[in-house]
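Thanks for making the time this morning. I would like to go through one model with you, so please have the sequence and the coordinates open as I talk.

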Amino acid sequence: MSRPTTPRPPFARPAPRPVPAADRKAMLDVIARRHGIQGPIRFDARPPRLERPIAAAAGSKPAPSTSNGSPAELTTLPRPPFAVRVLNHLTFGATTASIAEFNALGANDTARLTAFLNQQLNPAAIDDSAFDTRLANAGYTTLAKPLTQLWSEHVLNDPVYDVRMRPAWEVQRSALARAVHSKRQLQEVVVGFWQNHFNVTLTDFSAAPVYMHYNRDVIRANALGNFRTMLEAVAQSTAMLYYLDNESNTRSGPNENFARELLELHTFGAENYLGFMDPFQVPACPEDPSFPIGYTDVDVYETASAFTGWSVKDGHWQYPNENDGTFVYRQAWHDAGPKFVLGKFLNPEQPAMKDGRDILDRVAQHPRVAKFICRKLIRRFVSDRPEQALVDSAAEVFRANWQQPDQIARTLRHILLSNAFINSWGMKDRRPFELVAAALRATGSDWTPRVGDAKSDEMFWRIAPTGHAPYEWPAPNGYPDVSLAWSGANSYAMSWKLLNWITETSDNSVPMAPILATTRSGVSNWTANNLVDFWCQRILGYLPTAARRQTLVAFMAQNGDPATYVITDTDTWAASDPKRHYNQQRLRSLVSLILMTPEFMSR
């Protein structure tokens with residue numbers, strides 16, 4: 001009689017058998033010859049962190065030291081209504097309209113959140129034609145150009161700088177327009193996450209002309225889809241091939257830039273880097289023994305070899321007639337020898353592109369990759385310090401669905417329906433670009449950024465000093481996503497100046513933030529109390545602490561009674577009587593002050 005067996009959990013495979021000494025030596029000889037290593041390879045000792053408990057090894061990297069900084073002061077913020085909390089996490093900012101729409105989605109918070117996710121995780125079903133019309137009317141011309149047209153019109157024949165860079169500038173300008181006006185809000189937040197994760201600097205001279213293809217056909221097309229599919233799309237994208245130099249990665253001149261960032265930034269994270277360790281001595285991953293626990297420098301070198309020949313049709317002197325900017329695999333440039341990557345042998349002379357695809361398959365299934373990606377998603381949507389239990393459960397969903405076309409959407413749904421998300425508030429700060437988008441949304445702005453427009457140029461000129469101009473982070477690792485990185489005096493000061501500018505500026509005599517018109521239609525009796533409450537409710541979705549509210553009221557009232565004195569809708573000089581002195585300017589300054597509060601800057 002056979003005994004019943006306990007089914008193994010998904011991905012629980014037996015550990016691989018030890019590699020015979022002769023095979024190990026032969027493979028190391030190949031690696032040494034491939035990379036020009038003379039004499040015996042001297043590997044580093046086993047990294048100390050491999051001796052730590054699993055949870056510590058898999059945990060997030062410690063925050064930057066603040067030992068030389070001022071002690072942190074704990075600020076306790078009022079807990080906003082559920083709709084405000086959700087919308088400030090999942091969109092670029094709650095508005096009076098979006099709060100009302102959210103609250104109409106169900107009979108309780110769970111039903112409303114579930115219905116909202118059902119809508120937003122299916123962006124194709126959301127009618128965003130009004131936004132498309134907005135962009136068309138604003139003069140965007142490159143958004144729909146296919147890659148070959150971008151190449152022919154913005155690269156070939158060496159066009160002037162403004163023509164070459166226009167696709168990149170339109171991506172940047174449209175990023176703000178989408179954040180403020182698109183109905184597909186969650187998609188826009190997720191697109192920003194992945195664009196930052198797979199960072200290509202927008203101002204890169206080679207990538208800029210084809211940046212629209214990267215944003216539209218690589219990132220946006222896969223943002224809620226399948227991670228493995230997105231990995232290959234990124235690896236084959238013209239922008240990334242140039243940015244990380246894989247377009248010139250050949251067997252005669254290997255370049256490891258893309259390979260290193262693929263492992264360090266795009267999949268494993270530096271937390272799973274083991275240094276120059278013998279790849280045959282790497283311990284098995286505790287979560288799944290069929291994988292090594294991390295990656296080594298040799299894995300980087302071998303990955304670089306696997307991706308030799310992945311290039312661009314760019315009129316290279318060996319292929320002068322191939323010049324349309326599309327991806328090409330050049331077999332003649334590929335190192336077809338045997339490879340040993342992440343605990344797996346790759347046979348020599350594999351079919352075209354199989355070496356690279358085998359590695360992408362390997363990393364897409366790796367448990368530590370799943371945890372790294374899920375930790376970043378949780379850090380974006382929930383907290384600077386993700387709970388390990390949520391990281392682990394989300395990673396299980398991510399791995400179990402690694403071949404599903406909606407893998408990322410399923411993983412997000414798991415995260416966004418968790419108790420950690422539902423109860424989160426005040427554990428994230430808005431970064432400067434997010435502050436700008438939220439301010440424009442909250443004040444009801446109808447302004448659309450454009451290319452070649454003086455006011456739009458001034459907006460982005462002012463965003464730049466905050467350190468958070470869209471897609472301009474110069475390094476491959478993308479903008480940091482923790483509050484500490486944005487807590488410096490310069491970041492705050494430049495952000496506050498920008499928020500104040502938004503409340504004061506006009507474009508062709510039309511206010512960017514229609515503060516006066518909105519106040520006239522929404523407040524019938526202009527007492528200081530009424531004005532403060534109206535704009536706090538509109539911008540924050542709730543009233544701030546009593547002390548902060550009183551400070552705002554005192555500013556608006558000046559020497560008038562906040563409950564009874566009616567502030568006139570005038571803008572005249574009256575220095576001897578502050579309650580009548582430049583009232584409209586003071587009202588705009590009140591809105592600016594609310595935008596600068598911790599309540600608005602937190603989410």
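How are H11 and H13 oriented to each other, roughly parallel or roughly antiparallel? This is a predicted model, and in it the axes of helix H11, residues 227–236, and helix H13, residues 257–267, come within 12 Å and cross at roughly 150°. Angles over 145 degrees count as roughly antiparallel, and H11 and H13 are therefore roughly antiparallel to each other. The crossing of these two helices, H11 and H13, is right-handed. If we look at the residues that meet there, H11 contributes Phe227, Leu231 and Ala235, while H13 contributes Phe258, Leu262, His266 and Thr267. Sorted by class, this contact between H11 and H13 has five nonpolar residues and two polar ones, with no charged residue.

Let me turn to the aromatic rings. Searching the whole structure gives 27 aromatic pairs, and one of them is formed by Phe92 and Phe433, an edge-to-face pair with 6.2 Å from centre to centre and 85° between the planes. This pair links distant parts of the chain, since Phe92 lies in the loop between helix H3 and helix H4, whereas Phe433 belongs to helix H20, 341 residues apart.

Finally, a word on confidence. The average pLDDT of the protein is 92, and 93% of the residues score at least 70. However, pLDDT stays under 50 over residues 1–10, where the model has one contact beyond four places in sequence, and also over residues 51–67, where the model has 23 such contacts. Where pLDDT is low, the predicted coordinates should not be read in detail.

Key. Residues numbered from 1 in each chain as written. Predicted model: local features only at pLDDT ≥ 70, side-chain atom pairs only at ≥ 80, totals over all residues. Heavy atoms only, no water. Axes fitted to C-alpha atoms, helices over the stretch in contact; angles between N-to-C directions. Helix = DSSP H or I, 4+ residues; strand = E, 2+ residues; numbered from the N terminus. Parallel < 35°, antiparallel > 145°, perpendicular 65-115°, else oblique. Left-handed = near helix turned anticlockwise from the far one by under 90°. Contact = heavy atoms within 4.5 Å. Nonpolar A, V, L, I, M, F, W, Y, C, P; charged D, E, K, R; others polar. pLDDT = per-residue confidence, 0-100. Phe/Tyr/Trp six-rings, centres within 6.5 Å; stacked < 30°, edge-to-face > 60°.
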